[in-house]
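Student: I would like to go through the terms used for this model and see what each one rests on.
Tutor: Then ask about them one at a time.

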Amino acid sequence: MTSSSPRTLIITVSWLLLGLIGATASSDAGDFEALFDGTTLSGWHTTPGGSWSVEDGAIVGRSRASEKRHGLLVSDRSFSDFEARALFRVLAGDSGFYFRVAIEQGNNVAAKGFQVEIDSSSETGGLYETGGRGWVKKPDATRMQEVYRPGEWSTLHLLARGRFIEVRINGVRTARLKRDKGRLEGPIALQLHGGMEMHVEWQQIELRELKKGDTVPGRRPNVVWILAEDIGPDLSCYGCPAVETPILDQLAADGTRFLHAFTTSPVCSPSRSAMITGRHQSSIGADQHRTRPRRELPQGVETLPQLLRSAGWYCANGCGYSSKTDLNFKTGPGLFDGKDWSGRGEGQPFFAQITIGNTHRSWKGDPQNPVDPAKVEIPPYYPDEPLVRADWARGLGEIQVMDRKVGKILERLDREGLADDTVVVFIGDNGRCHPRGKQFLYDGGVHVPLIIRWPGTIGPATVRAELASTIDITATILEIVGVDVPDGMQGRSLLDATTPARNAVFASRGKMDATHDSMTMMRTRSHKYILNRMPERPWCQFNNYKEMQYPTLALLQLRALEGKLPPEQAQFVAASKPPEELYDLRSDPHELHNLATDPAQADLLMAMRSATGQFSKRVGDEDPDDSWRAGGWPATYPTRSIEDWRRIVEEWSAHLLEGAELPMIVPMTGTDPRHTKQISDYVREVFQDRDGVFWFGTNGEGVCRYDAKSLPLPPLSYLSVEQGFGGQAVRGIVQHPDGAIWFATDGGVSRIQDGKFTNYTADHGLSDNQVWSLMCDSAGTIWAGTHGGVCRFDGESFVPFPLPRVEIENPESRFSPLVSFAIFEDPTGNIWFGTDGEGVHRYDGESFTSYTMKDGLAGNVVRCIEGDRHGGIWIGTNGGGASRYDGQKFRTFTSKDGLSNDRVYEILEDSRGDLWFSTLGAGICRYDGTSFTAFGVDQGLQNLHPLGGNPANIHVQEFFEDSDGILWLGCSGGLFRKDGESFINVTRNGPWPAHSGE
């Protein structure tokens with residue numbers, strides 16, 4: 001065959017070993033026989049043409065251009081079915097690896113049969129049949145430019161079994177024949193191509209013979225998939241200044257690093273949904289962030305864990321770190337087999353998904369090795385001010401902390417002897433947690449790091465510059481473990497050069513929390529196109545999460561209102577967006593100069609617009625309708641006054657630059673700012689104390705106090721962090737016999753007595769500052785259920801009260817089984833604790849009795865506990881309905897019995913003996929002992945809080961019956977009171993009732 005001319009290649013690939021061959025992969029190295037002993041050519045013979053020698057442990061073939069004959073080094077033995085592997089490098093010329101050939105003698109000795117192309121071009125790895133068809137298979141040239149570079153050592157891995165042939169170069173599949181008509185037996189031969197200057201070297205030529213009809217045992221590697229939250233490629237190995245990430249740098253040095261990996265969404269739940277299915281989020285109905293209610297996956301679509309479990313892998317989630325999945329579709333029970341790979345069977349391969357969450361806001365930085373703000377590199381679309389540098393440095397510090405956590409995972413693999421048999425994939429779930437980053441389609445929001453280490457297959461310091469989409473991860477892992485990629489999967493393996501490389505990647509953005517928008521992105525290596533489907537809405541329209549978490553956003557807003565931003569910074573805080581954006585990334589990597597209206601770019605704009613439209617049609621990425629455009633949080637802009645932003649910037653500056661407390665930015669509900677509301681739109685707790693005073697705990701604005709005896713209405717006063725209150729979100733209110741009011745908050749436990757606050761945190765014995773439940777027992781003891789376990793107050797501080805552990809697999813649990821969402825004392829003095837994953841525990845003062853699903857409990861995630869007048873104990877669960885315990889057995893009630901939803905968050909028995917059940921997102925139900933009656937939108941209940949979604953999606957968190965027998969509801973619509981068989985929204989409509997006993 002003729003030689004291909006040398007080409008300038010982009011990426012260095014060195015010292016790659018072993019390739020896994022499809023579903024039938026190589027077995028242990030000990031099964032292979034060395035065909036080259038490293039010192040002599042014993043077992044080989046030569047033909048005229050060129051010269052062969054052994055130098056420094058390598059076979060070296062040389063030939064002059066004047067030599068017209070093809071020189072061959074031929075094995076003395078013939079082979080039929082086999083696996084072979086070797087290391088090679090081409091320093092000059094055009095070579096090949098023959099197999100199953102017939103040697104024909106003559107003036108120019110020839111090998112008739114198959115040849116794996118080995119030369120200085122991207123055709124390396126292709127199959128060529130000499131004396132026959134010529135080219136049979138060629139790899140994709142663009143992909144081969146990424147994985148192969150002449151002059152450096154590369155690996156060849158070949159499988160020939162019957163009429164099946166597969167070739168890999170540097171671990172990447174380059175050719176595959178399933179029904180070949182070629183020869184089935186013959187020797188191996190190394191070629192020196194005649195008529196050109198030749199220099200080729202070979203090492204470690206090994207072969208494993210297979211018996212006729214034998215299958216090749218799969219090498220079934222383990223896979224650890226590490227997802228770091230909210231990070232761009234801000235690692236040392238990606239050239240980020242100031243940050244130090246030695247663990248991930250070494251991981252990249254031991255494997256392959258992808259320079260241009262992009263997510264399909266700039267936020268977690270759609271991005272993760274796309275990754276784990278290998279399909280764009282719009283095509284599976286998972287495109288709107290935090291969709292409620294979640295949808296089922298389309299028929300036939302399976303997740304990566306499901307595919308791996310079917311193939312025999314044990315699938316674990318968390319492994320001592322975050323078990324977050326955050327998938328935007330219904331998963332049902334059993335997505336994973338367990339919480340740790342230690343639960344697998346003997347010899348069983350495992351897949352472990354591990355999330356590292358500290359890089360998600362809020363940030364504390366790296367106390368061990370603080371990042372110097374003076375050394376960070378600030379993008380030009382931010383003001384280069386101390387506040388921005390300090391915040392950026394804190395984010396990099398969290399990346400350093402994350403790097404050490406990755407190190408602990410890798411240390412465990414080493415310690416357990418698993419490292420050599422485990423593929424490690426490291427990736428970000430979406431881009432940086434900064435303005436123009438997360439939630440947006442600029443590179444800051446969708447460009448993520450991707451590193452894959454595959455010992456013995458992907459070698460050190462491999463760098464890939466091709467475009468990669470994160471939906472390729474599932475297909476790549478399936479390729480690694482030898483499981484067929486299902487039909488319809490849009491991702492493609494990054495280790496398969498028989499399919500074309502991507503010439504573009506696409507991403508979309510829709511709802512972010514309750515901020516409505518719609519954008520679609522197309523990115524090539526050189527250009528970026530963004531279609532803004534809702535240009536009337538500003539980039540910086542209201543979003544609670546960003547306004548409470550992003551110091552730089554506050555500064556941008558303030559400087560914009562002050563008129564102090566240069567054009568490249570001011571454009572992002574404009575009142576509207578252009579319909580289209582086009583950027584030349586070669587000259588404008590920060591995407592600052594929109595070329596969409598440049599006549600010189602009209603053809604490119606039209607082409608990218610057309611390609612984006614075709615993509616959108618293919619995956620169902622549709623234009624929003626009028627109701628969507630009008631929905632969500634209002635898009636009023638600016639979202640706050642200049643005075644508000646100035647105060648917020650001052651608080652952030654004091655926190656980041658002077659060490660002051662974290663700013664407690666009062667969240668806004670997104671309602672019309674002209675509307676004056678009486679109380680928060682989201683009420684979680686209602687309580688009336690012995691003096692008749694009402695206390696309303698909110699979901700982020702502290703607690704509201706209402707003195708029911710004072711008129712005119714509404715005599716409300718908010719007690720927030722600014723007034724000394726310990727937290728923003730209130731999850732429990734009780735009164736102690738001494739008259740003090742106690743509050744469970746997201747910042748600890750707060751007590752108010754005689755107008756004075758006392759706050760208790762982890763520094764006062766609480767196992768965690770996130771407090772989920774509070775109870776004062778008949779003896780006057782305060783109990784608190786926190787994110788870290790149960791504690792009780794001893795008069796001065798809190799003391800841990802360990803609950804028993806009941807090992808139950810619970811993939812649906814958000815937290816840990818240590819969390820107690822409910823604490824209840826029954827009439828006999830027993831105290832009941834509801835856990836997040838291990839059922840309910842009853843404590844009789846000396847010992848525990850535990851009940852889980854195996855005992856008849858409706859579910860293992862318990863959200864509430866309540867007693868009835870007949871001595872029954874009612875337990876509400878997070879998906880299994882509610883169960884009543886009569887002292888001997890459980891009876892369960894679900895949606896089939898009339899409950900409006902099986903996620904029961906609160907239960908109350910009223911003074912009439914009726915039981916009320918609150919369900920997540922589906923209103924409430926009343927049970928009269930015989931049947932259920934549902935109350936929803938038709939009875940006046942309506943969601944008003946943006947986080948709750950549509951009006952009918954009511955999240956009722958609290959029932960309370962006051963001293964006058966009036967039933968109150970605290971929910972995502974605010975505060976409601978029962979009026980006959982309907983409910984009145986007191987938050988918006990009033991009036992508040994006058995109570996007796998004035």
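Student: How many nonpolar, polar and charged residues does the lining of the second largest pocket have?
Tutor: This is a predicted model. The lining has 19 nonpolar, 4 polar and 8 charged residues.

Student: Which residues that line the second largest pocket are the closest to its centre?
Tutor: Glu685, Leu774, Ile823, Glu906 and Glu958, out of 31 lining residues. The space in this pocket is about 880 Å³. Glu counts as charged, and Leu and Ile as nonpolar.

Student: Which elements give two or more residues to that lining?
Tutor: They are β27 (683-688), β31 (730-735), β35 (771-776), β39 (820-825), β43 (862-867), β47 (904-909) and β51.

Student: What makes β51 and β52 a pair?
Tutor: Pairing needs at least two bridges. Strands β51 and β52 (residues 967-971) are joined by 5 bridges, so they count as paired, and they run antiparallel. In this pair, Glu961 stands opposite Leu967 of β52.

Student: In what order do the strands of the open sheet come?
Tutor: The order is β51-β52-β53-β54, 4 strands with antiparallel pairing. Strands β51 (956-961) and β54 (982-985) are called edge strands because each pairs on one side only. From one strand to the next, the twist averages 25°.

Student: Which residues have the most contacts inside the largest nonpolar core?
Tutor: Phe99, Trp202 and Trp225, in a core of 80 residues. Helix α7 (residues 472-481) gives the most to this core, 6 residues. Another core, of 76 residues, lies apart from it and includes Ala393, Leu418, Tyr550 and Leu555.

Conventions
Residues numbered from 1 in each chain as written. Predicted model: local features only at pLDDT ≥ 70, side-chain atom pairs only at ≥ 80, totals over all residues. Heavy atoms only, no water. Axes fitted to C-alpha atoms, helices over the stretch in contact; angles between N-to-C directions. 1 Å grid on protein atoms, 1.4 Å probe; cavity = no way out; pocket = protein on both sides within 12 Å on 5 of 7 lines; lining within 4 Å. Points joined across faces, edges and corners; volume = space filled by probe spheres on them. Core = buried A, V, L, I, M, F, W, Y, C linked by side-chain atoms within 4.5 Å. Buried < 20%, exposed > 50% of the residue type's maximum accessible area, 1.4 Å probe, protein only.
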